[in-house]
Amino acid sequence: MKKRSSNDLINDLIDEGRVKLHKFQPSGRELWTVIGNYGDHLIFIDGDYCSCRGFYFSLMRQKSSSCYHLKAYKIAKQSKKYSSIEISDYDYETFFKLLTKSIKKQIELD
Ligand SMILES: [Zn+2]
């Protein structure tokens, strides 16, 4: 199989609408996720944190860290090519439970 560049991966994430903005109402709280290759959610807080292992390891190596999810998020946000979902504040807790479950599963997989 041909090895794909990280630019290809970033473009795929954006084109497939895997960059998602979750808008909580009525608080207006915003939360971004990207659906990764294993179908799992990756979370960003203000675009400077990602829950994937790539981000974790780059954080250990250097002060400024990034990963292709964060890069995809930045491009998608800039070009407004993301999916937007509105969620009630009442579902905030459930949403977080599912998200942490999904992240945990992914760490265990690796
Ligand atoms: Zn990441």
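1. Angles between axes under 35 degrees count as roughly parallel, over 145 as roughly antiparallel, 65 to 115 as roughly perpendicular, and the rest as oblique. The model is predicted, so local features need pLDDT of at least 70 and side-chain atom pairs count only at pLDDT 80 or more, whereas totals for chains, interfaces and linings use all residues. Residues are numbered from 1 along each chain as its sequence is written.

2. The axes of α1 and α3 cross at roughly 50° and come within 9 Å; the two helices are therefore oblique to each other. Axes here are lines fitted to C-alpha atoms, for helices over the stretch in contact, with angles from 0 to 180 degrees between N-to-C directions.

3. In α1, Ser 6, Leu 9, Ile 10, Leu 13 and Ile 14 meet Tyr 68, Lys 71, Ala 72, Ile 75 and Ala 76 of α3, contact being C-beta atoms, placed from the backbone, within 7 Å. These residues divide into eight nonpolar, one polar and one charged.

4. The largest nonpolar core has 15 residues, of which Val 19, Cys 67, Ala 72 and Tyr 73 touch the most other members. Such a core is a set of buried Ala, Val, Leu, Ile, Met, Phe, Trp, Tyr and Cys residues joined through C-beta atoms within 7 Å. A residue is buried with 20 or more other C-beta atoms within 10 Å of its own, exposed with 12 or fewer, and partly exposed in between. The helix α3 gives the most to this core, with five residues.

5. Gly 28 lies in the loop between β1 (19–25) and β2 (30–35). Gly 28 is exposed because 8 other C-beta atoms lie within 10 Å.

How values were computed. Helix = DSSP H or I, 4+ residues; strand = E, 2+ residues; numbered from the N terminus. Contact = placed C-beta atoms within 7 Å. Nonpolar A, V, L, I, M, F, W, Y, C, P; charged D, E, K, R; others polar.
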